[in-house]
Amino acid sequence: MTVALRVNGEDVRIDVTDRTLLIHALRDHLRLTGAHMGCDTSQCGACTVLVDGVAVKSCAMLAGQADGCEVVTIEGLARDGALHPMQAAFAEHHGLQCGFCTPGMIMLGIDLVRRRGAADEATVRSELAGNLCRCTGYQNIVKAIAAGARDMAGAA
Ligand code: FES
Ligand code: FES
């Protein structure tokens, strides 16, 4: 089947099987490897991308289900060489260690701002229930998302 997507601002058409997962369409067909395959069982959140603005675990969605949708991955966030405010907050607050979970955490953080605005740290903590960090760097991840949320809400 052919799937038409708008990915990071560009229209693309890819030929996939009915069973191809969105994560594989992004990584293997489009060479966008920022979304990571951590667990393949929709538990870790490392594969999180935005589909029509909503955070989605891309290992739990078929590429065909995203036909006609706008997809944003971590590669699509920076503008003209400037980091997205949520990316900048992770850098400033040391919200990563090995970095494996980081793309998913950042995409989740952006969706959290859409839904909850400038959320406090307690809210961020509860929202992070579906995203795991195997380095256990949660303290700084929470700080980074809360700071990024403040920056995004202030800029809106
Ligand atoms: S790889 Fe998708 S949730 Fe873990
Ligand atoms: S920073 Fe290593 S898994 Fe989160």
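**Surface and overall form**

I started with the surface: the protein chain exposes about 7700 Å², and carbon and sulfur atoms supply 49% of that area. Accessible areas here come from the Shrake-Rupley method with a 1.4 Å probe, and for residues only the protein chains shown count as cover. I note that this is a predicted model, in which local features need pLDDT of at least 70 and side-chain atom pairs count only at pLDDT 80 or more, while totals for chains, interfaces and linings use all residues. Residues are numbered from 1 along each chain as its sequence is written, chains are lettered from A and ligands numbered from 1 in the order in which they are written, and side-chain values use heavy atoms, with hydrogens and water left out.

I then looked up the share of buried residues, where buried means under 20% relative accessible area, exposed over 50% and partly exposed in between (1.4 Å probe, protein chains only). Of the 156 residues of the protein chain, 47% count as buried.

I checked the radius of gyration, taken over C-alpha atoms, against the globule rule of 2.2 Å times the number of residues to the power 0.38. For 156 residues a compact globule would have a value near 15 Å, and the protein chain, with 15 Å, agrees. The C-alpha atoms fill a box of roughly 45 × 30 × 25 Å along the principal axes.

For charges I counted Lys and Arg as positive and Asp and Glu as negative, leaving out His and the chain ends. The place of a charge is NZ of Lys, CZ of Arg, CG of Asp or CD of Glu. The mean positions of the 14 positive and 17 negative charges are 5 Å apart.

**Elements and contacts**

I read the helices (H or I, at least four residues) and strands (E, at least two) as DSSP runs numbered from the N terminus. The protein chain has five helices and five strands, and from the N terminus on they run β-β-α-β-β-β-α-α-α-α.

A contact means heavy atoms within 4.5 Å. Among contacts between residues at least 6 apart in sequence, 58% join residues at least 24 apart.

I took helix H1 (residues 22–29) next: Leu22, Ile23, Ala25 and Leu26 are buried in it. What covers the buried residues of H1? The cover includes strands E1 (2–7), E2 (10–15), E3 (48–51) and E5 (70–72).

**Positive phi values**

Asp52 is in the loop between E3 and strand E4 (54–57). Its phi is near 50 degrees, a positive value in a residue other than glycine. Asp52 is partly exposed at 49% relative accessibility.

Thr136 lies in the loop between H4 and helix H5 (138–155). The phi of Thr136 is near 60 degrees, again positive in a residue other than glycine. Is Thr136 buried or exposed? Thr136 counts as exposed, because its relative accessibility is 56%.

**Cysteines**

I searched the whole structure for disulfides, meaning pairs of cysteine sulfur atoms within 2.5 Å, and the search finds zero. Cys69 is in no disulfide, and its nearest cysteine sulfur, that of Cys47, is 16 Å away. Cys69 is buried at 13% relative accessible area, and Cys47 is buried at 2%.

I placed Cys59 in the loop between E4 and E5. Cys59 is buried at 8% relative accessible area. Not counting residues up to four places away in sequence, Cys59 touches Leu21, Ile23, Met37, Asp40, Thr41, Ser42 and Cys47.

Cys101 sits in the loop between helix H2 (85–92) and helix H3 (102–116) and is buried at 10% relative accessibility. Beyond four places in sequence, Cys101 touches Leu132, Cys133 and Ile141. The C-alpha atoms of Cys101 and Cys133 are 5.7 Å apart, although the two are 32 residues apart along the chain.

**Helix H4**

Ser126 is partly exposed, with a relative accessible area of 48%. Its C-alpha atom is separated by 9.9 Å from that of Val142, 16 residues apart along the chain.

Glu127 is also in H4. Glu127 counts as buried, because its relative accessibility is 17%. Setting aside residues up to four places away in sequence, Glu127 touches Leu108, Leu112, Arg115 and Arg116.
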